[in-house]
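Keep the sequence and the 3D view open while reading.

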Number of protein chains: 2
Amino acid sequence: MGKATRVSMAVVRRLPRYHRYLGELLKNDVRRISSRELSERMGVTASQIRQDLNCFGGFGQQGYGYNVEELYSAITKILGLDKSYNSIIVGAGNLGQAIAGYTNFEKSGFTLKALFDKNPKLIGLRIRDIEILDVDILADFLNENKIDIGILCIPRSSAQQIADILTHNGVRAIWNFSVTDLNVPDNVIVENVHLSDSLYTISYRLNEDELFKTIEKDKQKAFNS
Amino acid sequence: MGKATRVSMAVVRRLPRYHRYLGELLKNDVRRISSRELSERMGVTASQIRQDLNCFGGFGQQGYGYNVEELYSAITKILGLDKSYNSIIVGAGNLGQAIAGYTNFEKSGFTLKALFDKNPKLIGLRIRDIEILDVDILADFLNENKIDIGILCIPRSSAQQIADILTHNGVRAIWNFSVTDLNVPDNVIVENVHLSDSLYTISYRLNEDELFKTIEKDKQKAFNS
């Protein structure tokens, strides 16, 4: 299952959103915000925000609301975004190249050190001046370079094998875009991005009204019989 | 804010995972599973699963557990995966091409009808036999073709403008990979994939032990002073 968190993942997943919203407020020169206003913008209740922040010692004052800059900087620290991290991407196909192209990640402290692939046509190419290396030298590279995060953009068939190489060679976290759940040691972090899960919430929502019409009808039938 | 759901999104987001796990059980010829076993595999409590399923009428029997095939097929219907949907991708860069390459989406009923871009070098190319068209004809295309889902893989600067074209021309749902929150009419569904939010949960978790050491120290200081 990988490494557990002290704070529930539901809370952890709201933090980047708080960070994003507060960053936008700062950009718009908003210095102070009431907990009600913040909660309305974010679409969560004020008490939810208060509870979430209390996990980390609590912020803000009654009758004053939040100091945007202080809260933004506190959440930056909570998210570990005041530190820097080295990453590599395994799988330099379209998805790997797309992720390598996100220059904003670098600005937040995530440095991409290399990409890896097994395709000879890709090996040696550069994405934003970062070289695509032969996956055969992955273990050696990890022994010579301290890498915190391995980003998996490979088909599910080889995902576990590559994950093993990563975790046996000091990588502490895997950002997994392969549609499979990985087995990793208990001290390793896995963050899955299952794009199909996200897409299926769309089909659910496109279909929800019709679904509930059917459920109501079935209930009515059961009631009448 | 876009279209609201009847059932909380926390529940909706667990459904694709249930679907994935049950699909794997079926593949491995598991026909029956106790609620405890299912919950252990999924890492959620048995009562959570029961509550989630109760939103849709409830399934399973006391002392028997779940019939895997029935539950899988029920969740397939709940997720609307027994229907078919037409989609287009706007933005045919690496990310757009990566998503166009996911052939599994087609198998689940999501048909990709076209990609759009403004880059003349990309227009006319084909990804899996699907043409990249000029974004200038997007509105016309939408009027001639019933498209359910628009997939946005463009920079944030043009995201709102393209979202407006989509929603004014009959698109009912937007899968948004642009790092910006879109304004859409109340009947339109927006599903955001904010990759940076996912990445920031990794830096949080890499940093959590150290964070709580600091929090404990600060508490101790406050207590001692």
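Helix α9 of chain A passes helix α1 of chain B in a right-handed crossing; a crossing is right-handed if the near helix is turned clockwise from the far one by less than a right angle, and left-handed if anticlockwise. Helices (H or I, at least four residues) and strands (E, at least two) are DSSP runs, numbered from the N terminus. The two helices pack at an angle of about 115°, with their axes 9 Å apart. Axes here are lines fitted to C-alpha atoms, for helices over the stretch in contact, and angles run from 0 to 180 degrees between N-to-C directions.

This is a predicted model, in which local features need pLDDT of at least 70 and side-chain atom pairs count only at pLDDT 80 or more, while totals for chains, interfaces and linings use all residues. Residues are numbered from 1 along each chain as its sequence is written, chains are lettered from A and ligands numbered from 1 in the order in which they are written, and side-chain values use heavy atoms, with hydrogens and water left out.

On the α9(A) side of this packing, the residues are A:D197, A:Y200, A:T201, A:Y204 and A:R205, and they meet B:M9, B:V12, B:R13, B:L15, B:P16, B:R17, B:H19 and B:R20 of α1(B). Contact means heavy atoms within 4.5 Å. By type, the residues of this contact divide into 6 nonpolar, 2 polar and 5 charged. Ala, Val, Leu, Ile, Met, Phe, Trp, Tyr, Cys and Pro count as nonpolar, Asp, Glu, Lys and Arg as charged, and the others, Gly among them, as polar.

Now take helix α1 of chain A (residues 9-27) and α9(B). Their axes come within 9 Å and cross at roughly 115°, and the crossing is right-handed. From α1(A) the contact draws on A:M9, A:V12, A:R13, A:L15, A:P16, A:R17, A:H19 and A:R20, and from α9(B) on B:D197, B:Y200, B:T201, B:Y204 and B:R205. The residues of this contact divide into 6 nonpolar, 2 polar and 5 charged.

B:H194 counts as buried because its relative accessibility is 10%, where buried means under 20% relative accessible area, exposed over 50% and partly exposed in between (1.4 Å probe, protein chains only). Apart from residues up to four places away in sequence, B:H194 touches A:R20 of the other chain, along with B:S178, B:V179, B:T180 and B:D181.

Further along α9 of chain A (residues 195-224) is A:Q220. A:Q220 is partly exposed, since its relative accessible area is 45%. A:Q220 and A:G170 are 50 residues apart in sequence, and their C-alpha atoms are 59 Å apart in space.

Which residues have the most contacts inside the largest nonpolar core? They are A:W175 and B:W175, in a core of 110 residues. A nonpolar core is a set of buried Ala, Val, Leu, Ile, Met, Phe, Trp, Tyr and Cys residues joined through side-chain atoms within 4.5 Å. Beyond four places in sequence, B:W175 touches residues of both chains, including A:L195, A:S198, A:L199 and A:I202 from chain A and B:I99, B:F105 and B:V193 from chain B.

Chain A also carries annotations from an unreviewed UniProt entry. The record gives a "DNA-binding region" at residues 17-56, a span that is 70% helix and 5% strand, with its end C-alpha atoms 16 Å apart. The record's "domain: CoA-binding" covers residues 80-181; this span is 31% helix and 28% strand, and its end C-alpha atoms lie 25 Å apart. A "binding site" in the record covers A:G91, A:A92, A:G93, A:N94, A:L95 and A:G96. UniProt positions are given in the numbering used here, feature names are shortened, and annotations may be inferred rather than shown by experiment.

Two of these residues can be set side by side. A:A92 lies in the loop between β3 (85-90) and α5 (94-100), and A:G93 lies in the loop between β3 and α5 as well. A:A92 is buried, with a relative accessible area of 0%, whereas A:G93 counts as partly exposed at 31%. Outside its sequence neighbours within four places, A:G93 is in contact with A:D117 and A:L122.
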